[in-house]
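I kept to what could be looked up directly.

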Amino acid sequence: MIIGIPRETRDGETRVAATPETVKKLAASGKHSIVVEAGAGVASSIPDPDFQSVGAHIGMAAQALGADIVLKVRGPAGAELAQLKRGAMLVGLLNPFDASAVRSYADAGVSGFALEKLPRITRAQSMDVLSSQANIAGYKAVMMAGNTYGRFMPMLMTAAGTVKAARVLVLGVGVAGLQAIATAKRLGAVIEASDVRPSVKDQVESLGAKWVDVPYANDEERKIAEGVGGYARPMPLEWMARQSAIIAERCKNVDILITTALIPGRPAPKLIKAETVAAMKPSAVIVDLAIEQGGNVEGSELDKIVVKNGVKIVGFSNLPGRVAADASALYARNVLNFLALSLNAKTGEFAVPKDDEIIQATLLCENGQVVAKG
Ligand code: NAD
């Protein structure tokens, strides 16, 4: 088999789907040859010779995209699609909720596997790209907030007087939110956090942050809040209004607000109204991590820092891409672990186990047909 690693072409995408560490393992059996497009790793601090030194060939885009197995970060688009080989296996963040993108992979004749659709089961944890990348996003959100905030994060006692610790509020405490809390804690901030899912309270408190409770009015609200498969569901409007009022009150005293609330396949819930932003301290910073799904904050704009009454709202996309070397290292290991389902560790033979729950959950299309249930 030929395994291809194309250079990512989407604007601002600095990651790459394989690293010398994973290429070495893929090449180890001697049964597969690896073609890395020239320059594919450069934005992740991996020069071409590092790939060559572990057995990869450096080739053109057409060779990497035309391989039997194509490993990508973002789903191919435009001219890339025409270069895919019919019958090839395509693995990446294929955006399974974008019907026209999924159709385009089906039309290209590939078997497309969307890593966003990995089931949240123990066996799939080592492949979980959403977790590995969200962890990085949570860390980077705090770094960016600290960089944009005109004050210290920790409490300092100096000869020139005392500086108060920054008050940080994290909304949405999944993988990114937990890492944001842990990172802000290490920097000495005082942290509060909230989420729709009740199970998160203990995790927040174990990281030394204070839980902001948004009560449920009845059992039905509590049931919806528990979510499905580890993911949140849209909450009733009454609960959202209660949350909005409680959070608006907390926001008046907050220096840094980090929002990460997401619901798979839907626009991000709007948690922060324009009037809440208007009532925040003029030195406050907001980082809206949900910006690519429309944002949690009214007024946030994609890839911009918007200033409202002195409050800076940071809406940068692809924060993992701003920690490119480590984001690629973790992503590439996730991809390798996913491929290991189909690779015989002893012989190196490649055969996709069609009855495997992980394979079935991630398969979007094959033989020209869309097969994912959405
Ligand atoms: P996510 O990125 O889908 O969402 C981020 C957070 O936003 C979630 O905690 C969600 O509850 C919250 N949210 C959604 N709507 C909200 C609202 N209106 N108000 C406040 N918060 C809202 O979530 P994620 O980071 O993918 O993680 C979700 C959970 O799944 C976590 O508890 C994580 O630990 C768990 N997880 C489990 C596995 C596994 O078991 N294999 C793997 C990965 C993650």
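Predicted model: local features only at pLDDT ≥ 70, side-chain atom pairs only at ≥ 80, totals over all residues.

Cys251 has a relative accessibility of 0% and counts as buried, because the cut-off for buried is under 20%.

**The open sheet.** Next I traced a sheet of seven strands. The sheet is open, with mixed pairing, and its order is S11-S10-S9-S12-S13-S15-S14. S11 (210–211) and S14 are the edge strands, each pairing on one side only. Helix H10, residues 237–251, packs on this sheet. I listed its contacts as S9 (167–171), S10 (190–194), S11 and S12 (256–259). The direction of H10 makes about 160 degrees with that of S9.

**Around S15.** I then went through the pairings of S15 (residues 311–314). In which sense does S13 pair with S15? S13 (residues 285–288) and S15 are parallel, over three bridges. In this pairing I noted Val285, which stands opposite Lys312 of S15. S14 (residues 305–308) pairs with S15 in the antiparallel sense, over four bridges. One of the residues I checked there was Lys308, whose bridge partner in S15 is Val311. S14 and S15 form a hairpin with two residues between them. I looked up phi for Asn309 in the turn and found a positive value of about 50 degrees.

**Aromatic rings.** How many aromatic pairs does the structure hold? I found one. The pair is Phe113 with Phe338, at 5.8 Å centre to centre and 55 degrees between the planes, and it is tilted. I noted that the pair links distant parts of the chain: Phe113 is in strand S6 (residues 111–114) and Phe338 is in helix H12, 225 residues apart.

I looked for a charge over a ring and found Arg322. Its charged end sits over the ring of Phe316, 4.4 Å from the ring centre.

**Ser342.** Where is Ser342 placed? I found Ser342 in the loop between helix H12 (324–339) and helix H13 (357–362). Ser342 counts as buried because its relative accessibility is 3% and the cut-off is under 20%. I then listed its contacts, not counting residues up to four places away in sequence. Ser342 touches Met89, Glu349, Phe350, Ala351, Val352, Pro353 and Ile359.

Key:
Residues numbered from 1 in each chain as written. Heavy atoms only, no water. Buried < 20%, exposed > 50% of the residue type's maximum accessible area, 1.4 Å probe, protein only. Pairing = 2+ DSSP bridges. Contact = heavy atoms within 4.5 Å. Phe/Tyr/Trp six-rings, centres within 6.5 Å; stacked < 30°, edge-to-face > 60°. Lys NZ or Arg CZ within 6 Å of the ring centre and 35° of its normal. Axes fitted to C-alpha atoms, helices over the stretch in contact; angles between N-to-C directions.
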